[in-house]
Amino acid sequence: MTRRVALIGTSAIPIGRHQTADEEALQVLEHEIMTRLVSEAVRDAGVSKEDIQSLVFTLPRPYTRQKYFHTFLMGQLRLACRGSVMEVMGNGMTAALAFDKACDEILLGRADVALALGINMESAVSAAEHMMSSMRTTGDVDFHTSAGFTPIAWYAMDATRYMHEHGATREQLGSVAVKNRHHASLNPLAQYRKPITLEEVISQRPIVEPLGLYDVPPRGDGAACLVLASEEVARTLGRPYALVRGRGFFHDGSHQISDVPNDMIAFESARRAAATAYEQARITAMDIDVAELYAPCTIVEVLVSEAVGLVSRGQGARAALEGETRLGGRIPISTSGGLTSRGHPAYVTSLYNYVELAEQLRGRAGERQVSNACLGLATGELGNYNAALVHVLEAKA
Amino acid sequence: MTLEKLSLDSDRAYPPRESEFTKAFWSELGQGRWRTTRCTRCHRQTFPPKPVCPHCWSTDVEWTELGTRGTLYSWTRIHAAPAVFVAEAPYACGIVDLDGGIRLACRVVERDDIPLKVGQPVEMVVLQFRDGPLFAARPCA
């Protein structure tokens, strides 16, 4: 019988400013945070140390002084393993890949229990300095970076194009930020929890036109640990879990921009990866109850939600303004508060999305609980959604 | 046909690297010549220029002229800039569909008399910095 994977335990620190500047006398050490999280997640899952046979870490930021963080942590935990222990990297997709590769370890039979975990510390480095590195991650470092492109500049051009094609307004896009802040106000892990109004979103200073400060992600630090297990193991634990029902990946063979003109805002990779995941799960987009999208800007949430079929083409921004994607609406999206308010410690961002799905599908989301949440969707991406990784999870009691 | 050159009294903030292969592009650009590679097997142009055709993987490529005009597919104005670009901010960047079928992304030189909008006709220009050239688009009638 084909093995199946279950998400059985999670832990995370609230996203925020955790990194200490070099000159501070007392430093926050990444491994001290991470060992506590491992202990907490494993307790949440109800498994023991000896059950864990594979660990997939997200690559730490270059600002993390301890190199080879993954194997260093194995020593801190005195954890002996026969599966795999590695760090993965895929830019914005990093944490989704960590989850995916940890699933693989179980599917391949190398482990019955595996961890997907990591830490992203960057907030003590100024935005202008951090962008000196991040500007080299999107586009062609010689032909695009030389012009001054930044990662979110590409999303801004999505927004310009979307407003042109569909007549969407700044207010409609801004309503995504308002909605997500409301969700974040109910999430103890969120970085920004004070509710905001549409007027406040619209009046923020421009960052990359037409997007203002509240349309783009804040910078922050985060760390999380997920415990995955074979469904067999999950069943023996007698606790609710989230079963991975479908998985899809697609890379469109371009990086940031296609020199052959295409429909840039169709997010074709997200559409195709979702189609594969839905097919595996034998569901359609209509069956999804809650979605945690990798969407660094308001416009990205709109475009991804359209591409994966949660809202119809050209209607994503309107749907946000009219409350369709809000808690209590037809299809709640980013119930965690999303990347704009829950926060976006980029290399671990998707770990937080799986944490939120685990909370929702295990009925533990408190005030944010989507009633009868049965099927959840998570996405990860590269570039301007040139590649997408999509997972469908199902609640199992 | 050569591109108009706009002289700037500064160095490029983040100069592109040049290779044995791409130095032809940059040195020609400095002369106002606007060229890229085309595959001699499948005859498709690509941009930026590449020594291997991304479509059919042939290594037989030749230098050909690029369209000098096009339309603005999208644009943004960047206010929050990386450290080396802070002095230039805010600045406009955009995506251009060139006549001839190539899509590219570049800096956009703004004109007071023509506001930036999707579908705006643009012409390619050379930004002649002290240390070398960059390419950019500029709205035109």
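Colleague: In what order do the 3 strands of the open sheet in chain B come?

Modeller: They run β3-β2-β4, with antiparallel pairing. Strands here are DSSP runs of E, at least two residues, while helices are runs of H or I, at least four residues, all numbered from the N terminus. Two strands pair if DSSP finds at least two bridges between them. By the way, this is a predicted model: local features need pLDDT of at least 70, side-chain atom pairs count only at pLDDT 80 or more, and totals for chains, interfaces and linings use all residues. Residues are numbered from 1 along each chain as its sequence is written, and chains are lettered from A and ligands numbered from 1 in the order written.

Colleague: Which strands sit at the edges?

Modeller: β3 (45-46) and β4 (61-65) of chain B, each pairing on one side only.

Colleague: And how many bridges join β2 to β3 in chain B?

Modeller: There are 2, and β2 covers residues 35-39. B:Thr37 has B:Thr46 of β3(B) as its bridge partner.

Colleague: New topic: how many residues of chain A are in contact with chain B?

Modeller: 32 residues of chain A, against 36 of chain B. Contact is when C-beta atoms, placed from the backbone, lie within 7 Å.

Colleague: Which element of chain A gives the most to that side?

Modeller: α5(A), with 6 residues. In chain A, α4 (127-134), α5 (151-166) and β5 (206-208) each supply at least two.

Colleague: What does A:Ala224 touch?

Modeller: Leaving out residues up to four places away in sequence, its contacts include A:Thr10, A:Leu37, A:Leu117 and A:Tyr352.

Conventions. Contact = placed C-beta atoms within 7 Å.
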